Amino acid sequence: MTLIRELFGNVVTFIANTGALALFFARLMAQIPAALLRPSLIVRQVHNAGGLSLVIIMTCGLVVGMVLGLQGYELLARFGSEESLGTGAGLALLKELGPVLTALLFAGRAGTALASEIGLMKATDQLAAMEMMAVDSVRYVIAPRFLGGVIAVPMLTAVFIMIGLFGVQLVGVQQLGVDQGTFWSQLRGSIDIEDVLEGVTKGAAFGVACSLIAVHEGFRADPTAEGVGRATTRAVVNSAVLVLILDYMLTAVFF
Amino acid sequence: MSATETLNQTGQNPESSTRTSAGIASEHLVDIRDVHYSVNGRAIFAGLNITIQRGRITAVMGPSGTGKTTLLRLMTGQIHADSGQVLVEGEDVARMSRKELFAMRQRMGMLFQNGALLTDMDVFDNVAFPLRENTDLPEELISHIVLAKLQAVGLRGAWDLMPTELSGGMARRVALARAIVTDPAMLIYDEPFAGLDPISMGVILRLIRQMNDALKLTSLVVSHDVDEIAMLADMSYILAGGKVVASGETKALKNSNDELVRQFMNGMADGPVPFHYPAPEFREHVLAGTEARSA
């Protein structure tokens, strides 16, 4: 009986949280046109969310590409088709690894920073002070940060994919001896516009999801040290789960 | 005027019944009428009545947890009462649209307990923020206004410091400059003396008085610093148990015979507000041991 009650309580909480997120999203969307008139605020947030994540994205992209080169080569060698490394690695990075890993890294670095920054602004009455100065805190604080994330994630995804391909090439061509011309020609020949569209769609969708979760968690954080900590944790966990669920759904759509 | 003449234990303004409604509207900037407000079933206010008169410094005092900050949030439309009315310049705050609420807030300045300066801007930009966001004034004029306001609080020389480089007292003075930069009709101070050293406290005290008199403002100070309020406020309300338990001229309240007012004004540990949180008998509690406590 207790189990059923707890389960029921969790379902109710989930529905309430989803509803709160939807309402917040609607409120945010209403402020987007006004926020777009202040490009300097958005550019600063693109720098904070994207520019400052560049090093970690490039490092991880390179390492993931190198691992993909090793694993892909070993797998393809079993079938005697090592020359297809470019095709396999390119499709894997473009359609799956690039968008998903970039989104997860973004949630871990920029998403947590966004949630904790907004949570701390709330805890120190900065958001309340803005409202008291007749300035809409969603328009001035939340919307530019959300837009910064939405713009940054697809760009970071593109960087991750490019550096990842360089890593695959480094291991596959330079180290394991796959022919360079075959590698690049196979890559160009096997990727069509639908594959690119899938990667771009995923990057954009994950950017919206991660940024929305991060700013929402920060905005609804309890104004205490513990509350901000919990909001930061929720931001990264919820983003990761949502990204993986969306990944399956979008993959199924493009299948 | 004696304390008993000035005090009104129900919290109703004794003069209000003798005036016409038009006269009251012009003389009273804020009218809080029979406000009830609860959080999670716990009553914060149960029939609160407060009047804030134009041009005067009104203080709201009370023990911690009596809802002083909640009162400010009600007045500024951040939250709404369960019942009753909060009238600002005769308008019911609960019925205002967001646009009307923002228009009302532009006529108010608020000094938050910790200053609430925006941490990614320096002192100048913090003070200029309301002007840049709410007016179309040219940057040159904004610069003149901001420097004049910083001069008024004695911090013109600190214009380029970041909030993290300011002491608690300086941060509050910058916040005060920001609160007056749009020349509001009313200033609200939330615990303006909390955590300040005696020098900073004296500075803030003088500034509140000077601002009120020089700019012809109406001020509301929420605080539990009795001595400072006694020096500053023209009129005081003491809150306890969700309503006003005493109101009147601050000096008269100091001489009140009411037990709760005396306990509060004289800082006595025990009285109507008990020193001990409700607990079982000490002997029983001790003999019960750790096991019973953890159970």
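**Exercise 1.** State how strand β4 of chain B and β5(B) pair, and over how many bridges.

*Solution.* Strand β4(B) covers residues 83-88 and pairs with β5(B) in the antiparallel sense over 2 bridges. Two strands pair if DSSP finds at least two bridges between them. Strands (E, at least two residues) and helices (H or I, at least four) are DSSP runs, numbered from the N terminus. Within this pair, B:L87 stands opposite B:D92 in β5(B).

The model is predicted: local features need pLDDT of at least 70, side-chain atom pairs count only at pLDDT 80 or more, and totals for chains, interfaces and linings use all residues. Residues are numbered from 1 along each chain as its sequence is written, while chains are lettered from A and ligands numbered from 1 in the order in which they are written.

**Exercise 2.** Describe how α2(A) and α6(A) cross.

*Solution.* Helix α2 (residues 39-49) and helix α6 (residues 137-175) of chain A have axes that come within 8 Å and cross at roughly 55°. Axes are lines fitted to C-alpha atoms, for helices over the stretch in contact, and angles run from 0 to 180 degrees between N-to-C directions. α2(A) is therefore oblique to α6(A); angles under 35 degrees count as roughly parallel, over 145 as roughly antiparallel, 65 to 115 as roughly perpendicular and the rest as oblique.
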